Amino acid sequence: MKTCLLAIACFVGLFWASHAHADELRPAYVELNQISQGEWSVLWKASARSRLGRTGEVIIPVSCTLVGEAERRFAASNILTRQTLKCSGSIAGQSIGLKGLELATTDALVRIAPLDEETQTLRLTPDAPIATIVREEAIANVAWTYTIIGIEHIVFGFDHLLFVLALVLLLKGGWLVAKTVTAFTIAHSITLIGSTLGYLSLPSQPVEAIIALSIIFLAVEIVKAQRDDETHGPRLSERFPWIVAFLFGLLHGFGFAGALAEIGLPQDDVPMALLTFNLGVEIGQLIIVAIAFAVLALIRRFQQSWLQPAKTATSYAIGIIATYWFVERMIA
């Protein structure tokens, strides 16, 4: 049984590693800035590797017309398109969206900045690629939008998800896991806020490689802990896991900051966006922990003998995926 599970884990790990890329949550971004009465500038950004970036198009309000040729350029791994709009009257109550988003696998943020009204932030999804421009921006709109983004980033940002999952597999007891995940949250919040506000900075490529290395470290610790439990006491990573989580959390915070920089922040509501993004990340972590505990509880209840082999197989799969990412990022 154990050999079979390990073989499956290796296959799944290699398959998923070759198809899944960590931190793929890079929503498209649309910015509509009013230049003068009746004149607006539209800028939109999408990944150059996506179909949306290559063939997508902004759906503009019906009272607006495009002026001149679109200016397109590459920035990092994104395509940026900028153009001028002429609009008659207010655009409030009209629709804005992204053509092609319905075929994408990511969301899009829309930031609208009128000259004499509050800036507002809208969220588009593949199921709802068009939104209505409201007359006034409520702060709850920003809070809700960035909370959802935070949840999605931890749940679909695969490297952070695997790190939290590995913590659950390594540790015994819900209270210990809760303290460790809290230490991780505090640490990544420090570097996320510091980096976003311009006080801290590290090159993204080495950070992403070390994040992958942190997952490999935990995967190895899980396997070693299972072997040592029979002959030795708890390992250092089990006795003081919050220290390990805090130190690695500082690095993961730079990863969050890089993703948030790609997404963009509403300039008038940066504190609220940061606070609710962090809240969303914490909610996402709790979701992962709850699901992992539920699965372990089911295995423990119905097939106790499978528990240790399942943990071992999962840790090998996590290690394989993280090793693939580490090599990929070192080469990059």
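**Notebook: a helix pair and a disulfide**

I began with two helices: the axes of α5 (residues 174–196) and α9 (residues 270–302) come within 11 Å and cross at roughly 155°. I am working with a predicted model, where local features need pLDDT of at least 70, side-chain atom pairs count only at pLDDT 80 or more, and totals for chains, interfaces and linings use all residues. Residues are numbered from 1 along each chain as its sequence is written, and side-chain values use heavy atoms, leaving out hydrogens and water.

A note on terms: helices (H or I, at least four residues) and strands (E, at least two) are DSSP runs, numbered from the N terminus. Axes are lines fitted to C-alpha atoms, for helices over the stretch in contact, with angles from 0 to 180 degrees between N-to-C directions.

How do α5 and α9 run relative to each other? I noted them as roughly antiparallel (an angle over 145 degrees). I then listed who makes the contact (heavy atoms within 4.5 Å): α5 brings residues including Val 177, Phe 184 and Leu 192, and α9 brings, among them, Phe 277, Val 281 and Phe 293.

Next I looked for disulfides (cysteine sulfur atoms within 2.5 Å), and the whole structure has one. Cys 64 and Cys 87 form the disulfide, with sulfur atoms 1.9 Å apart. Cys 64 sits in strand β4 (residues 64–75) and Cys 87 in strand β5 (residues 78–87), so the pair ties together parts 23 residues apart in sequence. The S-S torsion is about 110°, so I wrote down "right-handed" for this disulfide.

Are the two cysteines buried or exposed? Cys 64 is buried at 6% relative accessibility, and Cys 87 is buried at 8% (buried means under 20% relative accessible area, with a 1.4 Å probe and protein chains only).

Note on methods. Parallel < 35°, antiparallel > 145°, perpendicular 65-115°, else oblique. Buried < 20%, exposed > 50% of the residue type's maximum accessible area, 1.4 Å probe, protein only.
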